[in-house]
Amino acid sequence: MRPLNQKVLLVTPPFTQLNTPYPATAYLKGFFDYKKIASTQIDLGLDVLLKIFSKNGLAHIFEESSKKKETFSENAQRIFSLQKHYINTIEDSISFLQGKNEMLAHTICNESFLPQASRFNQLDELDWAFGNMGIRDKARHLCTLFLEDLCDFIVECIDPHFGFSRYAERISSSAFSFDPIYNELNKQNSLISEIQNNLLSEYIDKEKPSLIAFSVPFPGNLFAALKCGQFIKLKYPEIKICIGGGYPNTELRSLSDPRIFEFIDFITLDDGETPLLNLIEYLNGERPLEKLKRTLLSSEDKVYYIDESETEDFSFKNDVAPNYSGLRINDYISVIEIINPMHRLWSDGFWNKLTMAHGCYWAKCTFCDTSLDYIKRYEPVSAEVLCNKVEEIIKQTGNSGFHFVDEAAPPALMVAFAKEVLKRGLNIAWWTNIRFEKQFTFDVCRLLKASGCIAVSGGLEVASERILKLINKGVSISTVAEACYNFTSAGILTHAYLMYGFPTQTQQETIDSLEVVRQLFENSILQSGYWHQFAMTAHSPVGQNPENFNVKAVNKSIHPFANNDLEHIDNKGAKHELFSEGLKKSLYNFMHDIGFDLPLQDWFDFKVPPTNIAPDFIYNTLQQSITDKHKNSSKILWINSIPEIKYYTKKKKGKTTPMAEITIHLKNDVISLNVKENTANWIINITEQCQVNNKNTLTYNDLINSFELEKLGDFNVFSNGYAFNQLRECGLLIL
């Protein structure tokens, strides 16, 4: 294929994450390299933040804010008064958060280094959280509070839309009309927008792209992307502008208001690779306009959707890795907003982003956008291809941490991936999103842990059996509890996405759900969680058939701009919005391992019913559900080195018995077993046959048959004995 005569600038607009790049541009960059299309990628959000949080940037912020000095709150006045200290410490603090000046932790923890405003009011928990050790984490948390104070100041005095992981999110969320966004776009630029435009201009002058493609995954990216488009249209009118990503995919599918095209030229939907390829071919004069793929555009003040391309979507199974080149890998900053070890993963550390499977293998949850391509089209990649991508990305970034951003990672693929990681001897840390289901046995979790899995997040949603059936989650509370127990027992952190306000959910069910969540934390099988209120979306089964769920859509008409979140009336359910503060407050305490002994009523400022859930419900559920039964077809895997064997004889009452001592060298221990010689030989043979490198491993039935074939006795007796239990603990997995 000859190179196409276009150059693409891929942009993540402000703001997504501080600690790691959003993966969309890296995926597209890898695809463009594969297709020999010239491209460059930037995380403009990172650039803007580092520009603001510098000596010159803060000096400019304080100078600009002085115009509003008379209206400062007490907190803003304090920060303004300490501006010299903020300016003097900002670059050292950012450098520390980037991992470039770690010994500064000792100075930061002195607590006389950083100026302190209202965010530091929570300092009384630091000694409990970090103790005398963990000084770098403590310093990172202090620097995070320092930045949050400055963020509060910017929001109050410079730009009310500012935020570390979102920008102007309020006006873009559920924007049925484009009017609020349009009006805001036509106001005078804020200082933040001016910084953004100046940085973008530098990239454009350097790279000279003919097409700029913005990834807009969230409402908090839309306004900044359109602000960039407005600037490009004014200064570089010859450059074409396209947006795509999660926000257009869910919100703008039925767009009819053409005014957005005053700021951009095209909107592509769903996976962006092929639509952008066809768009580049069109701009190159090699494809007619009417043959584009999943593309919105405007002509004569009307919006048109074009999807007549014959080009098939790029297969997710293709062995093409995301390409992180061009991104400022070493300049991202790790912050600790909350000290919970699981919760911090979203903001702490550089995580390479990958996906195990396109879509969701379950794709049945009634609240989910199951009619959209990113959910309904399930296409997993093979473990071999996945590991190829892992190895390639490690070469690119120098980082071996991976966050698999699946809708729900398939259990079988997770197992295959874990085996492939062990087979290749890769040393990685990884975490992903899952469904808490019965396939996650203790041994499966041990295998995942051995491959580097450190955490999983999954949807518990509403901890009510009735509501779980309405959601069509496909799991029960006991299934979730057992899976969480297995993960935690294997040393893997667990996070639960929690929902309240599902149609017909009663006050009693909400309180009972909270009690289940409390017990999951109290039993230490859940480490983190997040409550969100149910939203009825246009692309979900509830949104498409609300009458089936006893709710009524308030306005079924198609709005001219965004069409995703649907207003609805739930006459049978509770007043769900009343529970928001109490649910979040209680969860915050549970994540800090406190508040378990408080009555649930104490979390709410209105009367709630007592829970119907027994106080030992989760404990009893675990006692009943945890078993060690195995299917005959289960695979046997030995994940440690081959044991050493030393033969000897044992004499007792004149009888000599051939014996052997088996020595198993674990990474952190040495285990010795003394068994009969023939049993020892069988054990060595089994561990050799069941190595992860062997293609044809044994089943549990093979294990039984081989034991009995060697005439070693009753396998049931042996499997309940000390030697076999020790083998299981040392790494004999039954999967």
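Strand β22 (residues 655–665) pairs with β23 in the antiparallel sense, over seven bridges. Two strands count as paired if DSSP finds at least two bridges between them. Helices (H or I, at least four residues) and strands (E, at least two) are DSSP runs, numbered from the N terminus. This is a predicted model, where local features need pLDDT of at least 70 and side-chain atom pairs count only at pLDDT 80 or more, while totals for chains, interfaces and linings use all residues. Residues are numbered from 1 along each chain as its sequence is written, and side-chain values use heavy atoms, with hydrogens and water left out.

Back to the sheet. Strands of a sheet pair through backbone hydrogen bonds, either parallel or antiparallel. Here the sheet is open, has three strands in the order β21-β22-β23, and pairs antiparallel. Its edge strands are β21 (644–652) and β23 (670–676), each pairing on one side only. From one strand to the next, the twist averages 25°. Within β23, Leu673 is the bridge partner of Ile662.

Two helices lie across these strands. Helix α25 (residues 677–689) lies across β21, β22 and β23, and runs at about 130° to β23. Helix α28 (residues 722–730) lies across β22 and β23, at about 150° to β23. Axes are lines fitted to C-alpha atoms, for helices over the stretch in contact, and angles run from 0 to 180 degrees between N-to-C directions. Contact means heavy atoms within 4.5 Å.

Now the loops. Pro14 and Phe15 are joined by a cis peptide bond, with omega about -10°. Phe15 sits in the loop between β1 (7–12) and α1 (24–34).

Positive phi values come next. Ala363, a residue other than glycine, has a positive phi near 50°. Its place is the loop between β9 (357–358) and α15 (373–376). Ala363 counts as partly exposed because its relative accessibility is 26%. The cut-offs are under 20% relative accessible area for buried, over 50% for exposed, and partly exposed in between (1.4 Å probe, protein chains only). Lys711, also a residue other than glycine, has a positive phi near 55°. The loop between α26 (700–709) and α27 (715–719) holds Lys711. With a relative accessible area of 73%, Lys711 is exposed.

One more loop residue remains. Ser464 lies between β13 (453–461) and α19 (465–471). Is Ser464 buried or exposed? Its relative accessible area is 9%, so Ser464 is buried. Leaving aside neighbours within four places in sequence, Ser464 is in contact with Ile477 and Glu509.
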